[in-house]
Amino acid sequence: MTALSSVPKPSDDEGVPVSVRIRERIKAAQRRFHANDNIAEFIEPGELEALLDEVQAKMAGVLESLVIDTESDHNTRDTARRVAKMYLREVFKGRYVAEPDVTEFPNVERLNELMIVGPITVRSACSHHFCPIIGRLWVGVMPNEHSNLIGLSKYARLAEWIMSRPQIQEEAVTQVADLLQDKMQPDGLAIVMEADHFCMQWRGVRDMDSKMVNSVMRGSFLKDANLRREFLALLNSKKP
């Protein structure tokens, strides 16, 4: 009897796919988990590696359904693992890792002049077809004496964190704007993004010349037409 009682009981989670465990935590918290949401807070230590294994297994099933002989084809033998690593650790990592640390500095000199950062190269994938989105992003900031300032490279890090998820461009620029607005609390914030969408260039209409350009204007950029014109004129003067 003593020997039996010393045998560890199986965990309730044993045999449950890690994706199911993560999903149930998100649902219990009544949170959203859309393609462009970050879910890092619901992933426990060690689970990302287990999730990689799960994605690999399911990707192998996709290749099998595409009638690709991964056993004898040396080019695709390890493709399922490579694709799983690419999705979780690279192109969609913004879903699975926490927000990067960003040092914020007080506006000691009370700067209140227009600042423009860019172009920042951004890479993403469209939520509809998982085809690449590659483009450039510009940020305009009108700080005030209470604003926090961040280092130049941090704009790129924060933008990458947002863009490294399945996105549509209209929502992506809004997410970048929300994040910077929350961190800096400026009087005005402007975001402009110009990108190539491979879901148009690689498939569908296969138009190689079309780009999508959109913007978000907040605060003084929205209210002051002269400031908005100044920002757009400076931005256009820097474009090739």
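Predicted model: local features only at pLDDT ≥ 70, side-chain atom pairs only at ≥ 80, totals over all residues.
Two packed helices are described by the angle between their axes and the distance between the axes. The pair α3 and α4 packs at an angle of about 130°, and the axes are 8 Å apart. The crossing of α3 with α4 is right-handed. On the α3 side, the residues that meet α4 are L48, E49, L51, L52, D53, V55, Q56, M59, A60 and L63. On the α4 side they are T79, A80, R81, V83, A84, K85, L88 and R89. Sorted by class, this contact holds 11 nonpolar, two polar and five charged residues.

Helix α5 contributes Y155, L158, A159, W161, I162 and M163 to the contact, and helix α6 contributes A172, Q175, V176, L179, L180, K183 and M184. By class, the contact of α5 with α6 consists of 11 nonpolar residues, one polar and one charged.

The aromatic rings come next. The whole structure contains four aromatic pairs. One of them joins Y87 and F92, whose rings are stacked, with 4.9 Å centre to centre and 5° between the planes. Are these two residues buried or exposed? Y87 has a relative accessible area of 23%, so this residue is partly exposed. F92 has 5% relative accessibility and therefore counts as buried. The ring of F92 also pairs with that of F130, and this pair is edge-to-face, at 5.0 Å centre to centre and 65° between the planes. F92 lies in the loop between α4 (79-91) and β1 (104-106), while F130 lies in the loop between β2 (115-126) and β3 (132-142), so the pair ties together parts that are 38 residues apart in sequence. F130 counts as partly exposed because its relative accessibility is 40%. Taken together, Y87, F92 and F130 form one aromatic cluster.

The surroundings of F92 include residues from other parts of the sequence. Leaving out residues up to four places away in sequence, F92 touches M86, Y87, A125, F130, S164, R165 and P166. One of these, S164, is 72 residues from F92 in sequence, yet the two C-alpha atoms are 4.7 Å apart in space.

Strand β3 holds L137. What is the relative accessible area of L137? The value is 0%, so L137 is buried. Apart from neighbours within four places in sequence, L137 is in contact with V117, G118, P119, I120, V122, V176, I191, V192 and M193. V176, one of these contacts of L137, is also among the α6 residues that meet α5. P166, which F92 touches, is 29 residues from L137 in sequence, and the C-alpha atoms of L137 and P166 are 17 Å apart in space.

Some backbone features remain. Two residues in contact with L137, G118 and P119, are joined by a cis peptide bond with omega of about 0°. P119 is part of strand β2. F130, a member of the aromatic cluster, has a positive phi of about 60° although this residue is not a glycine. The loop between β2 and β3 is where F130 is found. Q30 is not a glycine either, and its phi is positive at about 55°. Q30 sits in the loop between α2 (18-28) and α3 (47-65). Is Q30 buried or exposed? With 74% relative accessibility, Q30 counts as exposed, because exposed means over 50%.

Methods:
Residues numbered from 1 in each chain as written. Heavy atoms only, no water. Contact = heavy atoms within 4.5 Å. Helix = DSSP H or I, 4+ residues; strand = E, 2+ residues; numbered from the N terminus. Nonpolar A, V, L, I, M, F, W, Y, C, P; charged D, E, K, R; others polar. Phe/Tyr/Trp six-rings, centres within 6.5 Å; stacked < 30°, edge-to-face > 60°. Buried < 20%, exposed > 50% of the residue type's maximum accessible area, 1.4 Å probe, protein only. Axes fitted to C-alpha atoms, helices over the stretch in contact; angles between N-to-C directions. Left-handed = near helix turned anticlockwise from the far one by under 90°.
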